[in-house]
Amino acid sequence: MLNILMIEDDREDAELIMARLSSPMKINSKVTVAGRLCEGLELLKAGSFELVLLDLGLPDCRGIETYKKLCAEFPYMPVIVLSGLDDETIATEAVKHGAQDYLVKGSINSDMLIRCIRYAIERHEIRMAGLKHIERRKRAEEELKELNRILETRVAGEVEKHRQKEQLLIQQSKMAAMGEMIGNIAHQWKQPLNALGIIIGDILDAYDFGELDRTYLEEIVDQSREQISFMSKTIDDFRNFLKPSKAKTNFDVKIAVAEVLSILWPQFRTNFISFVINCNNHNKTFNNLSDVICCNDMIISTYKNEFAQVILNIITNAKDAIIESRENGYMNKADEGIIIIDCARKPDSVLITIRDNGGGIPDGIMDRIFEPYFTTKSDDKGTGIGLYMAKTIIENNLYGTLTARNVDGGAEFTITVPAKTQT
Ligand SMILES: Nc1ncnc2c1ncn2[C@@H]1O[C@H](COP(=O)(O)OP(=O)(O)OP(=O)(O)O)[C@@H](O)[C@H]1O
Ligand SMILES: [Mg+2]
């Protein structure tokens, strides 16, 4: 049963159309008639009509406006416009605006009316199916967008978590380095503190022996100042070393390595460990910074302190391996520990290898040494983040590589970093 609303003020016309519709075998329909547009709109609001037959010349509205008003309130209602002979142009315009069809009232026959209604219903169904399809696609697109948004937020969250974890590890690694540094500072300060103690004691002796004149005092003040400035410089060196680098700088790799060695040197001397730095086949045993030839051929551009921290981690591991080797009898207590550092300039990169004679990385752990928190040392001696940090810094910040292998008598770590093109 097709529920039709006819909005038509002319009774005769309405009856004529109803008669055409009700002719036998034609269409199973129920027609409700409204004489005014406002009445028709009220009925549409209340009822469930499937089609509207609309006259454009109603008492409360005329012409194309009639269609437009209905359409504004019920945009998805299929409408067939009924036009008199005199307003066919307006009826055509209504079709242009979306009406399904128009019928000229004077010349409607039953067949034409039925066909027109059937086509209108079919066209409407096709249109609605199209609209539903578009709607579904829009919804799917919206869902996809939402999914993407959720994924993006999740990825951003994970990235942030990862960054925070890395920050924490860097911090922990810094704290470990700091502990090591404090040991070094204490070591470096011992001598000047002793010297100051002696100088102060000497003032008292000089007074007792009547030697406390201006020349003596000037000498003593100079000596004290010298010791104090040495101590103060040590502190500055360590502080600079631990500060995070704010910006990338250009620096020579071998100088940076030598600076790290100069900081570690006192502690290594106590443990009977020596260094050799080989620069592009130019062998040099390390004594002090000025020993490293400055030929500026190994310039890289990066965060210097982070790079220094990598070198510090690897060299500290070498020191630990040598000490442990002596403890477990692999090396004699009197055997000299030795750490050899080769710096070489390749066409596009700088290669640094750090080799020790501490017995090498134990069997079976080679694959794990770069994992965070992997350590073979006891709790107070190692946290297991040194090499993880070193690899992260070299590979993520410096776009280089860090690898390890065992060589004769010890371990060898190789760092490659892109070189800065020389100008
Ligand atoms: N030069 C080396 N010789 C032998 N084993 C080494 C050497 N360097 C590293 N290793 C092994 O790799 C492990 C991981 O080193 P890593 O520097 O990451 O941690 P750690 O030294 O144990 O602790 P820390 O966090 O204090 O550095 C060490 O525990 C040690 O077993
Ligand atoms: Mg370590």
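The following legends describe close-up views of a predicted model.

In this predicted model, local features need pLDDT of at least 70 and side-chain atom pairs count only at pLDDT 80 or more, whereas totals for chains, interfaces and linings use all residues. Residues are numbered from 1 along each chain as its sequence is written, chains are lettered from A and ligands numbered from 1 in the order in which they are written, and side-chain values use heavy atoms, with hydrogens and water left out.

**View 1. Residues surrounding ligand 1.** Ligand 1 is surrounded by 21 residues, of which Asn317, Thr375, Thr376, Lys377 and Thr383 are the closest; a residue is near a molecule if one of its heavy atoms lies within 4 Å of it. By class, this shell holds ten nonpolar, eight polar and three charged residues. Here Ala, Val, Leu, Ile, Met, Phe, Trp, Tyr, Cys and Pro count as nonpolar, Asp, Glu, Lys and Arg as charged, and the others, Gly among them, as polar.

View 2. Leu387 contributes through its backbone, with an N or O atom 2.8 Å from an oxygen atom of ligand 1.

**View 3. Secondary-structure elements around ligand 1.** Helix H8 (304-327), helix H9 (386-397) and strand E15 (410-418) are the elements that give two or more residues to the shell around ligand 1. The largest share, three residues, comes from H8. Helices (H or I, at least four residues) and strands (E, at least two) are DSSP runs, numbered from the N terminus.

**View 4. The contact between Lys105 and Asp55.** Lys105 is placed in the loop between strand E7 (101-104) and helix H5 (110-208). Its side chain and that of Asp55 are joined by a polar contact of 3.2 Å. Lys105 counts as buried because its relative accessibility is 11%; buried means under 20% relative accessible area, exposed over 50%, and partly exposed in between (1.4 Å probe, protein chains only).

**View 5. Positive phi at Phe272 and Tyr399.** Most residues other than glycine have a negative phi. Phe272, although not a glycine, has a positive phi of about 60°. Phe272 is found in the loop between helix H7 (253-270) and strand E9 (273-279), and it is partly exposed, with a relative accessible area of 41%. For Tyr399, phi is positive and near 55°. Tyr399 lies in the loop between H9 and strand E14 (401-407) and counts as exposed at 62% relative accessibility.

**View 6. Pro347 and Pro418.** The C-alpha atoms of Pro347 and Pro418 are separated by 9.5 Å, and the two residues are 71 residues apart along the chain. Pro347 occupies the loop between strand E12 (337-345) and strand E13 (349-356), and at 71% relative accessibility Pro347 counts as exposed.

Conventions:
A polar contact is a pair of N or O atoms within 3.5 Å; within protein, one must be able to donate a hydrogen and the other to accept it, and residues adjacent in sequence count only if both atoms are side-chain atoms.
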